[in-house]
Amino acid sequence: MAGPAANMTINADRLWDSLMEMAKIGPGVAGGNNRQTLTDEDAEGRALFQQWCEDAGCTMGLDTMGNMFARREGTDPDALPVYVGSHLDTQPTGGKYDGILGVLGGLELVRTLNDLGIKTKHPIVVSNWTNEEGTRFAPAMLSSGVFAGLHTQDWAYAREDAEGKTFGAELERIGWKGDEEVGARKMHAFFELHIEQGPILEAEGVDIGVVTHGQGLSWTQVTVTGKDAHTGSTPMPMRRNAGLGMARILEKVEEIALSHAPHAVGAAGHIDVYPNSRNVIPGQVVFTVDFRSPELAVITDMEARLKVAAEEICRDMELSVEFEKVGGFDPVDFDEGCVTAVRNAAERLGYSHRNIISGAGHDACWINRVAPTAMVMCPCVDGLSHNEAEEITKDWAKAGADVLLHAVVETAEIVE
């Protein structure tokens, strides 16, 4: 990159204002956001994003999974587009930046190129992937997974939320089901900007995380069944307490993850207890064990040991146990060329940077299967995410978006 392009930076105030404006849609109860996928709030956020993209001269594409694609034309009609983006949906108690920074950072990139009158050979497309979070409809990264061929669309449409509503019906209800075939688009490359969702960058005072790998993930739903009975009148030796069985299994989850320190992790975040009454011994519990590691062999080992330990615990306690794999993906090696573009961008701009492994799943993890992909990360305060107190600074947002801009423009090729 030469000439004025070497000094290109995004408009930090404009990006920040966009983040704050989007945060007004689906406000949480403690300063964050509750804009879960395929809700009315999601529809409103999508409409605002589309309006902003059209104001920036982009044309909007929409596929049958509700994925949004805002296209800025390139000078070569035959050149494959460079894609950027992330997701606009949030956790029930989510922050203002997880996913949203990547989408609106992509939009700011387009606005900056417009301001500077810069043309690129390859078109640039800003994406909003549907249901990245996976909270309302499991699994996470559902629509990028369909795009990449991991799931069928029929299977995705049949996913149900806690109220029995299906993904397909809710997508239609909110009016964001497009006509375009999912996965038909071909990409020259894909870049995703995201907050780290961990403490490393802030703790080390580093501006930019150059994401080289993504942790693999395994979600196993465990159902332990005993017998619900009165908490006061059932003798201790005669109880078949599913809740106690779960507690003992979760101790094993901790032990298993710690045995693969420091990179492996494990916990249960989603737990349902039945009948969930103060004076009834739980007759059944359903919980999801989340294991992660950058090594596939470690994930496989943790899954196997979970089943052996849970079966032994339940057999001793006269409980039954069932397992269902409800989500997961293998560890990810991001594209060397795209990773280098991110690293070069950080160096060109004078931002401190380090290689990092993403501990969370992202749409980029699936898109990496069908196109050269890389991620850019910026710090977040205390590494906190999936929490309404999630916070970043305007400077961090600017640094991440600047690196995204340069990596994308280098890949999309400036036309002088």
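**Close-up views of a predicted model**

View 1. The largest cavity has a volume of about 40 Å³. This is a predicted model, in which local features need pLDDT of at least 70 and side-chain atom pairs count only at pLDDT 80 or more, while totals for chains, interfaces and linings use all residues. Residues are numbered from 1 along each chain as its sequence is written, and side-chain values use heavy atoms, with hydrogens and water left out. A cavity here is a set of points, on a 1 Å grid over the protein atoms alone, where a 1.4 Å probe fits but cannot get out, and lining residues have an atom within 4 Å of a point. Grid points are joined across faces, edges and corners, and the volume is the space filled by probe spheres set on the points. Searching the whole structure turns up one cavity of 30 Å³ or more. Around the largest cavity you will find Thr90, Gln91, Gly94, Gly95, Asp98, Glu133, Ser385, His386 and Glu390. By class, this lining has no nonpolar, six polar and three charged residues (Asp, Glu, Lys and Arg count as charged; Ala, Val, Leu, Ile, Met, Phe, Trp, Tyr, Cys and Pro as nonpolar; the others, Gly among them, as polar).

View 2. UniProt, in an unreviewed entry, lists His87, Asp98 and His194 under "binding site". They span 108 residues in sequence, yet no two of their C-alpha atoms are more than 9.8 Å apart, so they gather at one spot. From this set, Asp98 is part of the lining of the largest cavity. The unreviewed UniProt entry also lists Asp98, Glu133 and His386 under "binding site". These span 289 residues in sequence, but no two of their C-alpha atoms are more than 9.6 Å apart, so they too gather at one spot. Asp98, Glu133 and His386 are included in the lining of the largest cavity. UniProt positions follow the numbering used here, feature names are shortened, and annotations may be inferred rather than shown by experiment. To find His87, look in the loop between strand E3 (82–86) and helix H3 (100–116); Asp98 is in the loop between E3 and H3. Helices (H or I, at least four residues) and strands (E, at least two) are DSSP runs, numbered from the N terminus.

View 3. The chain is assigned domain 1 (12–215 + 331–412) and domain 2 (216–329), with bounds from an automatic or database domain assignment. Their C-alpha centres lie 33 Å apart. Twelve residues from domain 1 and 14 residues from domain 2 take part in the contact, meaning heavy atoms within 4.5 Å. The area buried between domain 1 and domain 2 is about 930 Å², with 69% given by carbon and sulfur atoms; buried area is the accessible area (1.4 Å probe) that two parts lose on being put together, summed over both. Gln215, Pro331 and Trp366 supply 57% of what domain 1 buries against domain 2, more than any other three residues.

**View 4. Backbone details in two loops.** Most residues other than glycine have a negative phi, and most peptide bonds are trans. The peptide bond from Ala138 to Pro139 is cis, with omega near 5 degrees. Pro139 sits in the loop between strand E5 (124–128) and helix H4 (142–147). Met141, in the loop between E5 and H4, has a positive phi of about 50 degrees although it is not a glycine. Tyr274 and Pro275 are also joined by a cis peptide bond, with omega about 0 degrees, and Pro275 lies in the loop between strand E10 (265–274) and strand E11 (280–281).

How values were computed:
1 Å grid on protein atoms, 1.4 Å probe; cavity = no way out; pocket = protein on both sides within 12 Å on 5 of 7 lines; lining within 4 Å.
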